[in-house]
Amino acid sequence: QSDGTVPFGFFPNDGKFDIWFDVNMDQQRARDMITYMQDGLFYDELTNHIRVRMVMYNSRDNFFGNVDVSFRVLNAGLIRSTYSVNCIKVELYETSDDLVRLALEILFAGMVLFAVFNEMRSSPPPLLPFRDCAKMSRHEVSEEAVTGVIGASEEAVTGVIEASEFHIEPWYDVYASLEGKGRWLMLANNGAGLREVMEKLNNVTVLNDIQVMYWAIGGLNGFLLVIRVLKMCHFQPRLGIVTRTLQRAVSDLGHFFMLFLAVFTGYSVTGHLVFGTQLE
């Protein structure tokens with residue numbers, strides 16, 4: 001991707017130039033391709049961003065591997081590199097163990113919906129004033145409702161992953177020839193293969209983002225379940241000592257953390273001003 005003027009004969013796609021390294025290329029051909037790109041001014045001193053994406057597949061475990069590496073030139077001339085390596089499983093229900101998991105997920109989704117329904121029934125009506133809702137302790141929405149909503153969201157995201165039809169070929173006919181002496185980047189079929197490849201790579205990125213959101217929601221759900229366990233132990237005098245202690249000290253803890261945040265922020269700013277320009 002370049003900020004300069006696009007040379008004559010170069011046709012970018014959304015402001016970037018897509019180069020495909022075919023799986024049938026040998027090592028020497030791949031090295032020559034990089035030299036060809038440099039000689040053809042696909043990247044030069046005006047290039048500010050290079051992104052490398054690669055998709056791998058493990059046939060034994062039915063996992064896709066998504067590798068995304070970016071090199072970006074900063075204003076000071078430094079090059080910042082970022083990368084992400086993630087595993088994606090799109091074949092969720094193929095074996096007998098997967099079918100057992102599907103049955104458990106359906107049971108869990110039904111229990112979550114039942115819990116949310118009961119919490120909605122016990123929650124205060126939306127038209128009541130706030131002060132009246134605060135007095136209705138028996139109608140307070142507990143963390144079970146939040147846990148149920150988070151659990152339902154997790155199941156919904158799982159459904160999105162399962163409903164996403166994903167299919168990728170082991171090879172795509174992108175270039176007209178892999179052994180030609182010239183015009184190495186001449187596309188086959190008017191660029192249909194390259195467009196399909198980029199679409200598949202974008203789909204993998206979308207699936208990766210959905211999976212990251214899925215695990216984030218799952219982690220939040222697990223945290224809320226831990227809090228729920230503490231509440232369930234509240235009835236027993238010894239097991240509920242933690243919850244009762246936090247309940248009585250919540251006001252003092254709030255003021256303590258406010259003061260701690262103010263002092264910690266001051267120390268952070270002071271350390272940045274004093275030592276921020278030093279390099280080890």
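## Surface patch, pocket and salt bridges

Helix H6 (241-248) and helix H7 (250-275) each contribute at least two residues to the nonpolar patch. The model described here is predicted. The patch covers about 870 Å² of surface and is made by Leu230, Ile241, Val242, Leu246, Leu253, Phe256, Phe257, Phe260 and Phe264. Five of its residues come from H7, which gives the most to the patch. Leu230 lies in helix H5. Its relative accessibility is 37%, so Leu230 counts as partly exposed, because the partly exposed class runs between the 20% limit for buried and the 50% limit for exposed residues.

**Overall layout**

The chain contains seven helices and three strands. Read from the N terminus, the order of elements is α-β-β-β-α-α-α-α-α-α. The chain has 280 residues, of which 23% count as buried.

**The largest pocket**

The largest pocket has a volume of about 1300 Å³. It is lined by 36 residues, and those closest to its centre are Ile19, Trp20, Phe21, Arg53 and Leu201. Three elements each supply at least two residues of this lining: helix H1 (27-39), strand S1 (49-58) and helix H5 (192-232). The largest share comes from S1, with nine residues. Sorted by class, the lining consists of 24 nonpolar, seven charged and five polar residues.

**Salt bridges**

The structure holds two salt bridges. The table gives the residues and the distance for each pair.

| Arg51 | Asp68 | 2.6 Å |

In the pair of Arg51 and Asp68, the side chains meet at 2.6 Å, N to O. This pair links distant parts of the chain: Arg51 belongs to strand S1 and Asp68 to strand S2 (residues 63-73), and the two are 17 residues apart. How exposed are the two partners? Arg51 is partly exposed, with a relative accessible area of 42%, whereas Asp68 is buried, with a relative accessible area of 12%. Asp68 is placed in the buried class because its 12% is under the 20% cut-off.

Asp61 is partly exposed, its relative accessible area being 33%. Arg60 is exposed, with a relative accessible area of 70%, and so passes the 50% cut-off for that class.

Which residue lies 33 residues from Arg51 along the chain, and how far apart are their C-alpha atoms? The residue is Asp18, and the C-alpha atoms of Arg51 and Asp18 are separated by 9.5 Å. The side chain of Arg51 meets that of Asp68 in a salt bridge. With 42% relative accessibility, Arg51 falls in the partly exposed class.

Terms used:
Residues are numbered from 1 along each chain as its sequence is written. This is a predicted model: local features need pLDDT of at least 70, side-chain atom pairs count only at pLDDT 80 or more; totals for chains, interfaces and linings use all residues. Side-chain values use heavy atoms; hydrogens and water are left out. On a 1 Å grid over the protein atoms alone, a cavity is a set of points where a 1.4 Å probe fits but cannot get out, and a pocket is an open set with protein on both sides within 12 Å along at least five of seven lines; lining residues have an atom within 4 Å of a point. Grid points are joined across faces, edges and corners, and a volume is the space filled by probe spheres set on the points. Helices (H or I, at least four residues) and strands (E, at least two) are DSSP runs, numbered from the N terminus. Ala, Val, Leu, Ile, Met, Phe, Trp, Tyr, Cys and Pro count as nonpolar, Asp, Glu, Lys and Arg as charged, and the others, Gly among them, as polar. Patches are made of residues with over 30% relative accessible area and no salt bridge: like charges are joined within 9 Å, nonpolar side chains (Val, Leu, Ile, Met, Phe, Trp, Tyr) within 5 Å. Accessible areas come from the Shrake-Rupley method with a 1.4 Å probe; for residues, only the protein chains shown count as cover. A salt bridge is a side-chain nitrogen of Lys or Arg within 4 Å of a carboxyl oxygen of Asp or Glu. Buried means under 20% relative accessible area, exposed over 50%, partly exposed in between (1.4 Å probe, protein chains only).
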